[in-house]
Amino acid sequence: MVDRWWGNLLPKIAPFLYDEGGPIVMVQIENEYGSYGDDKAYLRHLVTVARRHLGDDVILYTTDGGTRETLEKGTIRGDTVFSAVDFSTGDDPRPIFKLQKEYNAPGKSPPLSAEFYTGWLTHWGENIANTGAHFTAAALDRILSLKGSAVLYMAHGGTNFGFYNGANTGADEFDYKPDLTSMIMMHQLENLVMWTMQSSKTLRGVVKRHSAASIPSVPSNNEKKGYNMIQLQKTESLFDLIDKIDPIGVVESENPTSMESVGQMFGFLLYTSAYAAKGPRRQFVHTKLEHDRAQVFISCPSEDNGGRPTYIGVENMGRINYGSHLFDQKGILSPVYLDGNILKSWKMVAIPFQNLNEVLDINPHNQ
């Protein structure tokens with residue numbers, strides 16, 4: 001998979017390398033791999049593939065946390081690949097840069113913080129992460145005072161496309177922490193413009209003080225526009241969509257399957273099964289959803305006492321994208337019990353919400 005992906009990607013990058021007159025001075029082959037892996041053969045294979053497409057002159061590098069354990073696992077000693085580090089903003093960079101030297105060839109270990117955090121992300125349910133501009137500038141000043149370099153992460157904020165999202169874990173995989181889809185990593189949103197201007201000015205002052213060359217002038221501010229209140233309008237009911245929109249097709253299976261198995265990588269998946277009530281109707285639903293959120297809908301009983309449709313809409317809250325629990329399947333991953341009985345004969349309907357104006361036919365297939 002890596003060979004196929006890089007085989008498509010790297011030839012597109014090659015014309016933009018520094019030696020070709022482009023802006024790309026270094027190419028990173030792995031990111032914080034030492035936090036969850038230690039396969040040196042894999043790392044060397046990445047070097048081989050990168051050299052095949054990019055040549056021998058480009059600088060290849062890895063980035064790992066500034067600890068001996070992560071650097072030992074995630075780097076290739078010597079001068080084949082440059083080893084950079086990252087660490088929390090405010091940490092003392094001296095011992096970390098000293099440790100970095102051990103994993104590079106002698107005389108070839110310029111201090112580099114490859115992820116200098118100008119702020120931090122926020123998980124759902126937390127207060128918005130707040131990092132002061134002066135605190136960040138002081139941390140950058142300490143790095144530059146050691147003749148070090150830093151890559152600002154992030155230089156500016158942004159947000160994810162569509163339903164793309166991510167998550168972290170705490171002490172273990174059950175301590176699940178989904179991220180906000182915004183990557184602004186800064187002050188309160190209402191102070192976005194003011195904070196950005198203050199932070200940029202403060203960081204520019206630090207860079208200017210340590211730079212022998214002049215730095216570019218500040219570009220003019222883009223005009224901001226206020227859109228006032230936006231009135232949302234209902235387009236379709238969820239249950240009206242079941243028979244109308246399904247670009248992937250309905251998957252039929254004896255047991256519920258994961259989102260990945262039906263090709264729905266992000267967004268929502270609707271599970272539906274029929275249930276014939278027996279005895280008192282308590283309507284208690286139980287299943288295992290470690291990292292997602294579900295809404296359960298049970299239709300009203302019919303006069304003929306036939307099967308009653310049961311719907312479970314599952315929202316992909318974000319896959320874990322850091323650490324040792326990266327294999328994070330989404331959706332219903334275990335049997336579903338209703339009133340103590342296991343439900344069988346499921347249909348999985350992908351609800352991508354890409355364009356509700358496009359109504360596509362359903363092509364059922366079994367799994």
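Colleague: Why is strand β3 largely enclosed by the rest of the structure?

Modeller: In this predicted model, both faces of β3 are covered, with Phe82, Ala84 and Asp86 buried on one side and Ser83 and Val85 buried on the other. Side chains in a regular strand alternate between the two faces of the sheet. Strand β3, residues 82-86, is therefore largely enclosed because the number of its residues that are buried is five of the five.

Colleague: Which residue of β3 is the bridge partner of Asp64?

Modeller: Asp64 lies in strand β2, which spans residues 59-65, and five bridges join β2 to β3, with the two strands running parallel. Among the residues that Asp64 touches are Ala84, Val85 and Asp86. Within β3, the bridge partner of Asp64 is Val85.

Colleague: What is the distance from Asp64 to the nearest side chain of opposite charge?

Modeller: Asp64 is buried and yet has no salt bridge. A salt bridge would need a side-chain nitrogen of Lys or Arg within 4 Å of a carboxyl oxygen.

Colleague: In the open sheet of three strands, which are the edge strands?

Modeller: The three strands of this open sheet follow the order β10-β14-β15, and their pairing is antiparallel. Two bridges join β10 to β14, residues 337-338, and in β14 the bridge partner of His286 is Tyr337. The strands that pair on one side only, and that are thus named as the edge strands, are β10 (285-286) and β15 (341-342).

Definitions and conventions
Residues numbered from 1 in each chain as written. Predicted model: local features only at pLDDT ≥ 70, side-chain atom pairs only at ≥ 80, totals over all residues. Heavy atoms only, no water. Helix = DSSP H or I, 4+ residues; strand = E, 2+ residues; numbered from the N terminus. Buried < 20%, exposed > 50% of the residue type's maximum accessible area, 1.4 Å probe, protein only. Lys, Arg positive; Asp, Glu negative; His and termini not counted. Contact = heavy atoms within 4.5 Å. Pairing = 2+ DSSP bridges. Lists of a residue's contacts leave out its neighbours within four places in sequence.
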